[in-house]
Amino acid sequence: MESLLILHAVAAACAPWLATRLGRASFAVLAVPPAAAFCYTGWLATRGLPVRESTPWALGMELSFRADALAVLMMSLVTGVGVLVLCYSARYFPEGDDGLGRYGGAMVAFAGSMLGLVTADDLLLLYVFWELTTVFSYLLIGYDPESRMSRQAAMKALTVTTSGGLAMLAGFVLLGQAAGTYQISQLRPADLAPATVVLVLAGALSKSAIFPFSTWLPAAMAAPTPVSAYLHAAAMVKAGVYLLARLGPAFGDLALWRAVTVPLGVVTMLLGGWRALRETDLKRLLAYGTVGQLGFLVVLFGSGTEGAALAGAGMLLAHALFKAALFLVVGIVDHAAGTRDLRALSGLGRVMPWVCGVAVLAGASMAGLPPLVGFAGKEAALEALLDTPLALAGVVAGSALTAAYTLRFLWGAFARKPLSGPQEAVPGSGRRIGFRRPCSCPRRCCPSWGCWWRPWSPGTRAPCPPTPARSAIRAITPTWRSGAASRSRCCCRRCPWRRG
């Protein structure tokens, strides 16, 4: 395990140099450490679990790591999604961006920190990696230093999570003194002082954006979309949930533990789902949906029962998969259409059927439709909560809100609907998909409705260029090539310029 962490650290240090030499292609090289960790995770899963490694360190402390079933699950998510996001980033960022090296280094360093966090078998070592994830998330959220919104969002995330982390450190010290050991695997059920439980839960709940600490996560959507897909769907926000799952077998039977986690989880799930229904930005819609789903996970892991914990593990896996996929879909939509505002999008399902298909599958899993993994996890969760009627009622209401904002997301992003006001794409993006444009034919056979168009490709329809509107088409289509003019045809059926 130490070798993998060192590999991540070396890759993070070399990221600026690689970005200078290779540009965006450096992300493929930076994906090697997470890929190696993913292969190592698969090798661990074939061995007998748990596997423990310990190396003596300074001041009588040990670098103690332990991989059990929960750790292997989290390792597979952290490393697998990390590889996919880094490969996605190679096409997401523009070539020559000044921040490529800084982004790549922070992303790989964050992946290594999360890997250490989910495998640490010592409370103090876990806290070190906990704060490292906070620092690197601050750098990633504030990727654009010239944007005031990015700086404010990064500072809010840093303030909230660091404050909770300091409270958690105090709780860890009290917990270690009361238990007589700081090794997590050696902790046993015991009566703890209420202050200890509250301090530990403060750190976990603030990291996972549970009410009243929820505000930092929607604000963090100022970060680039790959950052949101990784940190805010599969990695960072799962750290608090992971801590609840890790300490749940020892302290889940405490009345105070359940009295704090279950009500706050239900409230967070309901508030997040309701707020998602009112958002028009696709990314913020997913952010509030993530808040609601995190509340759902806290309810499961905070219930203190074995069935709820197993259902929580299933939902943990399902949520990381479908939410990361949806965030990446939003990035594709934003690049293609130049906006994330669902009021300005229309008809993308016809133009990008494969992207729409991925979004529909991920959305169906989020809504809990069979036979997808989200359905299996949600069914197990409902069965595990049958003995707690109030929590079950809250989860059912939250699940209804989840289905509602899933439909809102899919309709807003891909459905064909009337648009209000002129819709202009971002200049220079090179892709103009999903907007209505006036027909470029000489007779303008459809001036009132316009027609669907996209840059020419074999077998597709495009506006007729041999008209006075050719200059206008060039202005809104920077990638136009004169050679495509003779191969284009109008998309309007009644147009006399239509060929073929």
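A crossing of two helices is termed left-handed if the near helix is turned anticlockwise from the far one by less than a right angle. In the predicted model examined here, the crossing of helix 6 and helix 8 is left-handed. The contact involves Trp130, Thr133 and Thr134 on the side of helix 6, and Gly203, Ala204 and Lys207 on the side of helix 8. Classified by residue type, this contact of helix 6 with helix 8 comprises 2 nonpolar, 3 polar and 1 charged residues. Helix 6 spans residues 123-141 and helix 8 spans residues 194-207; the two pack at an angle of about 30 degrees, and their axes are 13 Å apart. Since angles under 35 degrees count as roughly parallel, helix 6 and helix 8 are therefore roughly parallel to each other.

Helix 12 contributes Val262, Val266, Met269, Leu270, Gly273, Trp274 and Ala276 to the contact, while the residues of helix 18 include Ala391, Gly394, Val395, Leu401, Tyr405 and Arg408. By class, the contact of helix 12 with helix 18 has 11 nonpolar, 5 polar and 1 charged residues.

Another cis peptide bond joins proline 370 and proline 371, with omega about 0 degrees. Proline 371 is placed in the loop between helix 16 (353-367) and helix 17 (373-384).

Across the whole structure, a search finds 11 aromatic pairs. One of these is the tilted pair of tyrosine 40 and tryptophan 43, with 5.8 Å from centre to centre and 35 degrees between the planes. Because tyrosine 40 and tryptophan 43 are 3 residues apart in helix 3 (residues 32-46), about one helical turn separates them.

Regarding confidence, the protein chain has a mean pLDDT of 82, and 83% of its residues reach 70 or more. Over residues 421-500, pLDDT stays under 50; for this stretch the model has 129 contacts beyond four places in sequence.

Definitions and conventions:
Residues are numbered from 1 along each chain as its sequence is written. This is a predicted model: local features need pLDDT of at least 70, side-chain atom pairs count only at pLDDT 80 or more; totals for chains, interfaces and linings use all residues. Side-chain values use heavy atoms; hydrogens and water are left out. Axes are lines fitted to C-alpha atoms, for helices over the stretch in contact, and angles run from 0 to 180 degrees between N-to-C directions. Helices (H or I, at least four residues) and strands (E, at least two) are DSSP runs, numbered from the N terminus. Angles under 35 degrees count as roughly parallel, over 145 as roughly antiparallel, 65 to 115 as roughly perpendicular and the rest as oblique. Contact means heavy atoms within 4.5 Å. Ala, Val, Leu, Ile, Met, Phe, Trp, Tyr, Cys and Pro count as nonpolar, Asp, Glu, Lys and Arg as charged, and the others, Gly among them, as polar. pLDDT is the predictor's confidence in each residue, from 0 to 100. Rings of Phe, Tyr and Trp (its six-membered ring) pair if their centres lie within 6.5 Å; planes under 30 degrees apart count as stacked, over 60 as edge-to-face and the rest as tilted.
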